[in-house]
Structures are given as C-alpha cells and as structure tokens.
Amino acid sequence: MAADCTNQRRRRGKISSTDMKKAYWIVLGVALLGLFSGTFADVQISQAFSSPDSPFGHFFATAAMAPIFVLFPIAAGLLFGALLVQFGELRVVGRILSAALEGFGVFVTFVTIKGFSGSRHLHGLPFESLVILVICAFLLAAALGAYASRGYPRQVLAAALIGVVAVCGSRYLLDALKNIWGRQRFWTMDNIQAQFTAWYLPQFPSPERMADMGDKIKSFPSGHSLGTISVLWLSLFPSFLGVCQKRKAIWTNGITAFALCFWLLTVVSRVILGEHFLSDVSVSGLVFLVIFLALTAVSDRLCAWIYGKKALAMKEDIHESYTIGR
C-alpha cells in the first residue's frame, strides 16, 4: 500500500508525460532533418522560398519576439519567488546552486534586453515599454512562484531551475555562437558564391568586421527560432498550477502543440524573409531541445540532490495533502 502511494506520487510529480516526450523526440527528428537538408541545400532552399516582402514572414517576425521578451524574466522571476519560500529548506549546496542560477537568469535577462536598445527587432516597440514589460513579467512570475510553492514546491522549483538553464542558458550560448560563427544573412548577399559559408564553418570575425557588419553577420543560429521553441518550457506549468490539475494532460499537450506549431511557422517565416538559412533555424531548435530534454530527464534526481531525500519526501507529502484538500 505504501509503495503504491509512493509510485502514485512519483507519477503525479513527473515533470513531463510520455506523450510530451514523444512529441519532443519528433521535433528533435524534424530539426535534425532540417539540419541535414540545410547542410547540402541551404542556398537552394533560400533562393526557392525567399520573399522579403511576405506578410506571413513579417507577422511571425514580430510575433516571435514575444517569447524572447518575456520568457527570460519569467524564468528568473519564477525561481526568485520559489526561493523566497523554499530557500531555508534546501541543502547548502542546493542554496548555492539555486542562488547562482538566479543571478545567472537575471544577468542574461539584463544583457539580452539591453541588447535590444535601438535594435530593428523591436518592430516599433519603444525600448522603455519593453523594460516595463520585462519588470512586470518578472514580478508576476515571482508572485506565482511564491504562491505555487505552498502546494507544489518541488514542481515549482524544478520548473524554475529548468527554465533558467534551458531558456536563459540556451540564449546565452546562442549569442556566443553568433559572435563566433559570423555567418552572413541571405538577404544581405549580393555575391552568394563569395559570401556564403556553410553552417559548420565558423568564421571567427574580427572586432572590426563585427563593428562594420553588425547584425548582418549574425545569421547562425536563429534567435527567433530559439525564442519560439523555448515556449515548450511553459508546458511544465500545469504540474504546479492548481487550476490545471483536473485536466493537466490536456493543458500540457495543448501548450506543447501550440509551441511546436509556433516554432515550425517561425522557422518557415525566417527562411522566407531571407533572415536565416534552414540550418540556422534547425540548430536553434536542437540547442534548446537537447538542453531541455536532458534537464527534464534528470529533474527528479536534481530535486533529490537539492532538497535531500528526507526533505524531498516531505515535499511530496505536502503536494499529496494539498491535492487531496482541493
């Protein structure tokens, strides 16, 4: 009987369902197929589909900025709120790791948003409005993290840690790759044979070239593609939102389906506009998915290490009593 209860708690506490994992692996396969195709036919694909004035392309160029603007502060804010409630209950190493990741999340949020000052990717949004949006997203997420930690402490902390590492970490890695690769965007090329470089050949542009070309040589990987695939992280939220508990699978699968459709449409739009090659958008998806899948696979062990086994068992009991009470 006790073993059955423990197994039920574990199944309820899983950070991702089997159906979700199948969807993730399908998308991983699609991204690998895109990378394989782009390796041999990047230029031909871009030439065939290029339409710089496409309304479809410009719509998703704007829409894809929404997750880029808000997911970083939401991840950092959720972790901050969770730590406000749970910090004293963590092991010493758990406190150090969580605090370090919170600092990292805030740092990436600050650097990323600061980088949009004067950027064409704001699409007319005043920079001051973006700052207000980011602050509001952080505060609301912090309030949610603190509130949800009362009933679902382990799920909140796991989702927050995964968010900071997968969402913020993948963005930090992407920005570094852009500066190392220095790949020129398709729409800026007037001599494709001379200017095109394969995705697997980093150019290591000099500071002078970076200053001269700027955003024009930041094709690889795609920030818009990374932003939309990162919406998958929100599929973890039903695990700790009380309003979603009765139909948790429906909420989870719905968010997953939305994120994947959003990503695929963004991938197509970036190639149509000539902003990115197929390999650019494929690698962005792979970067996030690999990190995200790895973290969700070890989330239970991570929590056991952060809380300690005894404290983790207490957390599961809190979740059990809170669910029964509802």
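A quick word on terms before the first stop: helices (H or I, at least four residues) and strands (E, at least two) are DSSP runs, numbered from the N terminus. With that in hand, color by secondary structure: from the N terminus on, the elements run α-α-α-α-α-α-α-α-α-α-α-α-α-α. That comes to 14 helices and zero strands.

Two notes on what you are looking at. This is a predicted model, where local features need pLDDT of at least 70 and side-chain atom pairs count only at pLDDT 80 or more, while totals for chains, interfaces and linings use all residues. Residues are numbered from 1 along each chain as its sequence is written, and side-chain values use heavy atoms, with hydrogens and water left out.

**Stop 1: the whole thing**

The accessible surface of the protein comes to about 15300 Å² (Shrake-Rupley method, 1.4 Å probe; for residues, only the protein chains shown count as cover). Carbon and sulfur atoms own 68% of that surface. Of the 326 residues, 50% are buried; here buried means under 20% relative accessible area, exposed over 50%, and partly exposed in between (1.4 Å probe, protein chains only).

Contact means heavy atoms within 4.5 Å. Among contacts with a separation of 6 or more, 84% are between residues 24 or more positions apart.

**Stop 2: the core**

In soluble globular proteins, nonpolar side chains tend to be buried together. A nonpolar core is a set of buried Ala, Val, Leu, Ile, Met, Phe, Trp, Tyr and Cys residues joined through side-chain atoms within 4.5 Å. Select Leu157, Ile229, Trp233 and Phe288: these have the most contacts inside the largest nonpolar core, which has 72 residues. Helix H7 (residues 153-181) gives the most to this core, with 14 residues.

Now center on Trp233. Which residues is Trp233 in contact with, leaving aside its neighbours within four places in sequence? The list includes Leu71, Ile74, Ala75 and Leu78, then Ala159, Ile162, Gly163 and Val167, and also Phe288 and Phe292.

**Stop 3: helix H6**

Select residues 127-148, which form helix H6. Its 22 residues reach 31 Å from the first C-alpha to the last, close to the 32 Å expected at 1.5 Å a residue (the expected span is 1.5 Å times one less than the number of residues).

Color Leu130, Val134, Ala137, Ala141, Ala142, Gly145 and Ala148, the buried residues of H6. They cover an arc of only 145° around the axis, which puts them on the same side of H6; the arc is that of the directions from the helix axis to the C-beta atoms. These buried residues pack against helix H4 (65-86), helix H5 (92-115) and H7.

Val131 counts as partly exposed, at 30% relative accessibility. Its C-alpha is 7.6 Å from that of Ile113, 18 residues apart along the chain.

**Stop 4: the charged pairs**

Side chains of opposite charge can pair when their charged atoms come close. A salt bridge is a side-chain nitrogen of Lys or Arg within 4 Å of a carboxyl oxygen of Asp or Glu, and the structure holds seven of them.

Zoom in on Arg183, which forms a salt bridge with Asp42, the closest N and O atoms being 2.9 Å apart. Arg183 lies in the loop between H7 and helix H8 (192-195) and Asp42 in helix H2 (residues 18-49), so the pair ties together parts 141 residues apart in sequence. Arg183 counts as buried at 1% relative accessibility, and Asp42 is buried at 2%.

Arg183 also forms a salt bridge with Asp280, with the closest N and O atoms 2.7 Å apart. Asp280 is in helix H12 (residues 278-297), so this pair ties together parts 97 residues apart in sequence.

Next, select Arg185, Asp215, Arg270 and Glu275, which are linked in a network of salt bridges. Within it, Asp215 and Arg185 meet at 3.0 Å, N to O.

**Last stop: Ala64**

Find Ala64 in the loop between helix H3 (55-63) and H4. Is Ala64 buried or exposed? Ala64 counts as buried, at 0% relative accessibility. Not counting residues up to four places away in sequence, Ala64 touches His224, Thr228, Phe262 and Thr266.
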